[in-house]
Amino acid sequence: MPIIDGFITLFTTPHALLFAVLGSVMGILVGAIPGLTGSAAIAMILPATFYMPPLGALAFVYTISKSSDFGGSIPAILFNTPGTPSAAATQIDGYPLTQQGKQGKALKMAVIASAMGDCFSELLLIFGAVHIASYTEKMGPPEYFAVYCCAFIIIGSVMGKSIIKGILSTLFGLLAVTIGIDPITAASRFDFGTTQLSGGLTLVPVLLGLFVFSEVLVQAVAVLATRGKLMLAKKSDNPEDNRVTWPEFKRSLPVMCRSTGLGVFIGMMPGIGAAVACFVGYAENKRRSKTPEIWGKGAIEGVAACEAANNAVSGANLIPLLSLGVPGSTSAVLLMGVFLIHNISIGPMVFTKSGDILYGLFASGLLCIFLYFIIGYFGSGVVGRIIGYVPPRFVYPFIFITTFVASYAGRSSLFDVLTMCVFGSIGFLMKKAQFSPPAFIIAFMLGLNAESSLRQSLLMSDGGWLVFFQRPMAMVFFAIGLSVLFFRSLRAFKNKSQQNKEVRI
Amino acid sequence: MAILPDILICGEAMSKRYEITTAITVVLIAIFFLLASLGIDDSFAGEGVGASFFPKVITILILGLGIMLLFQGFRTSPIKLSTGDRTEHSASQIPVVSIIALSFFYVAMIFLCRYWISTAITMFLIMYIFGNRGWLSLVFIPLGISVLYYAVFFRALRLFEPSGFLFDILMG
């Protein structure tokens with residue numbers, strides 16, 4: 001079985017094993033710091049992956065993103081402040097449990113649910129992605145262009161609150177990637193006569209600016225408004241309040257299964273993500289519960305519902321990346337970046353050309369789940385105390401300085417640092433104006449591939465646009481994208497009409 | 001502080017003026033890049049489409065959606081902020097403007113004065129902006145961080161250090 005070979009590869013490669021363990025631990029700490037997501041931390045260390053061997057770099061990045069999803073639940077439960085957006089729903093029932101002195105119970109349930117959701121998702125990735133990839137091997141440039149269009153439409157219309165702004169964010173990302181020299185004809189595009197722009201914009205400074213630097217700006221307002229440290233509530237002395245009992249586990253099991261299914265489905269859709277999954281998991285399970293009135297007041301099933309859903313997104317999110325070459329989330333974009341840094345092509349052929357590295361990566365994912373389960377089950381309280389002890393007003397200046405050296409490290413270029421500053425300001429304004437930085441960066445990552453696919457398709461068909469209508473698979477992907485846009489627009493229109501009715505009443 | 005534009009004041013509820021300002025900005029960006037794309041050389045296009053096709057299509061789509069956003073902005077209900085809210089919102093954006101200015105100042109400093117001096121000064125300023133006070137926060141941590149980062153990135157990892165324009169002049 002390839003996954004057994006993956007484990008052998010991982011355990012016989014000391015640096016890869018070390019980075020997998022380090023990433024698992026770091027991810028929990030990073031996710032537990034409010035405002036600092038796993039993606040932001042990975043963006044800061046991305047330049048360092050240039051110096052790492054491929055499996056070590058991939059394992060490091062992957063395990064950080066996985067364990068940070070769990071790490072975000074720790075401050076959500078202990079301090080009513082989610083460490084990551086994906087833990088926003090966990091605080092609904094997690095914090096009331098803390099207020100009752102049952103934070104130990106809440107944290108243990110969070111880690112059990114996270115591990116269960118994540119494990120199922122990872123197994124689906126390991127055994128499912130290769131089968132999906134086998135269908136996509138027959139795809140040519142017209143099909144790939146259709147896939148990219150479908151991804152841009154879905155990501156643009158689903159990410160963020162406004163469809164128009166989401167699609168605009170995607171289009172701006174596509175526009176940004178055209179800056180520089182055309183890869184086919186070498187014509188200059190939007191360089192305005194400058195040498196620096198003729199080389200185009202590189203991923204790392206844009207990513208650091210949009211996600212990390214802009215977050216520092218957002219947190220500058222939040223930190224100064226609160227000023228205080230995060231205070232830990234007193235734990236109950238009753239041992240029953242600090243563990244998950246068998247009846248509680250039995251009650252939560254169907255909730256975890258349902259949330260895992262929802263999380264996996266949402267994870268496979270590009271653009272939706274863990275933040276949506278946790279709310280969908282919570283809402284659906286509350287709706288089906290026989291005692292919905294206790295949800296929101298410290299129901300242990302509420303914590304289980306959120307954590308199983310948000311962690312189940314993790315593995316499933318890689319399925320479109322590995323089978324189609326389309327990253328559906330910021331973490332997937334970063335992982336794709338590491339693949340490209342190490343000259344590993346993404347897409348269906350990755351299973352045959354780089355199978356040993358890929359299964360080593362999957363093995364590191366399973367190891368990460370085991371590690372964060374152990375650390376989370378026995379050490380979440382310690383992590384909470386560490387986070388409570390270090391005030392955010394020390395953390396963000398440190399992150400600010402790190403973004404500068406991280407953006408410089410790729411090409412030793414001050415122009416890259418300037419790019420990071422500009423995109424940081426743009427990212428802050430985008431967040432304020434309710435545009436979508438993740439949609440921008442996904443489009444930025446895929447834009448040149450999309451353009452190449454389009455131009456190759458037209459060259460193949462001697463300039464005829466009918467080539468897209470002659471390929472059934474291409475038509476299917478166009479139809480999926482347009483359907484999602486149609487239904488999303490319909491829903492937005494209905495919500496708006498409902499709101500207008502309520503205002504008139 | 002009421003002179004700060006709405007663009008820096010906005011929160012969850014978007015004001016009508018802010019929506020319109022955003023839409024106009026999008027339209028202007030689209031027009032700018034559309035005009036710039038007319039100057040892209042397509043002489044080697046051959047069969048299929050040339051280098052300017054993709055940028056032109058994208059900018060036209062941005063222009064179209066920007067106009068839709070403008071119409072949407074005109075239809076948005078105005079949300080009136082009180083003078084107190086406006087002043088409070090404006091004041092809360094001072095750290096943001098300061099950090100953005102500091103970031104460009106930092107880049108200029110690195111270009112002029114090399115890495116570790118610029119980092120020590122910038123770290124002092126950013127710690128101050130974030131509300132830290134005292135010798136530890138404003139002196140020891142900035143100096144410590146700048147030395148640590150210099151040692152890790154420019155000595156251990158051997159990154160190419162910016163030479164510092166002023167240092168070049170002083171050294172002749």
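Guide: Start with the interface in this predicted model. Between chain A and chain B, about 5600 Å² is buried. Carbon and sulfur atoms give 80% of that area.

Visitor: What makes up the contact on each side?

Guide: Chain A puts in 62 residues, and chain B puts in 69 residues.

Visitor: Why is the pair A:Lys165 and B:Glu19 called a salt bridge?

Guide: The closest N and O atoms of A:Lys165 and B:Glu19 are 3.3 Å apart. The cut-off is 4 Å, so the pair qualifies. The rule finds one salt bridge across the interface of chain A and chain B.

Visitor: How many disulfides are there over all chains?

Guide: The count is zero. Take A:Cys306: the nearest cysteine sulfur, that of A:Cys278, is 5.6 Å away. A disulfide needs sulfur atoms within 2.5 Å, so A:Cys306 is in none. For A:Cys368, the nearest cysteine sulfur belongs to A:Cys119, 11 Å away.

Visitor: Why is A:Cys306 called buried?

Guide: Its relative accessible area is 0%. Buried means under 20%, so A:Cys306 qualifies. A:Cys368, at 0% relative accessibility, is buried too.

Visitor: How do you know what span to expect of helix H7 of chain A?

Guide: Helix H7 covers residues 103–136, which is 34 residues. At 1.5 Å a residue, 50 Å is expected. From first C-alpha to last, H7 reaches 47 Å, close to that value.

Visitor: Where is the kink in H7(A) centred?

Guide: On A:Gly128, with a kink of about 40°.

Methods. Residues numbered from 1 in each chain as written. Chains lettered and ligands numbered in written order. Predicted model: local features only at pLDDT ≥ 70, side-chain atom pairs only at ≥ 80, totals over all residues. Heavy atoms only, no water. Buried < 20%, exposed > 50% of the residue type's maximum accessible area, 1.4 Å probe, protein only. Helix = DSSP H or I, 4+ residues; strand = E, 2+ residues; numbered from the N terminus. Expected span 1.5 Å × (residues − 1). Bend = angle between axes of the 7 residues up to and from the residue. Contact = heavy atoms within 4.5 Å. Buried area = accessible area lost by both parts, 1.4 Å probe. Salt bridge = Lys/Arg side-chain N within 4 Å of Asp/Glu carboxyl O.
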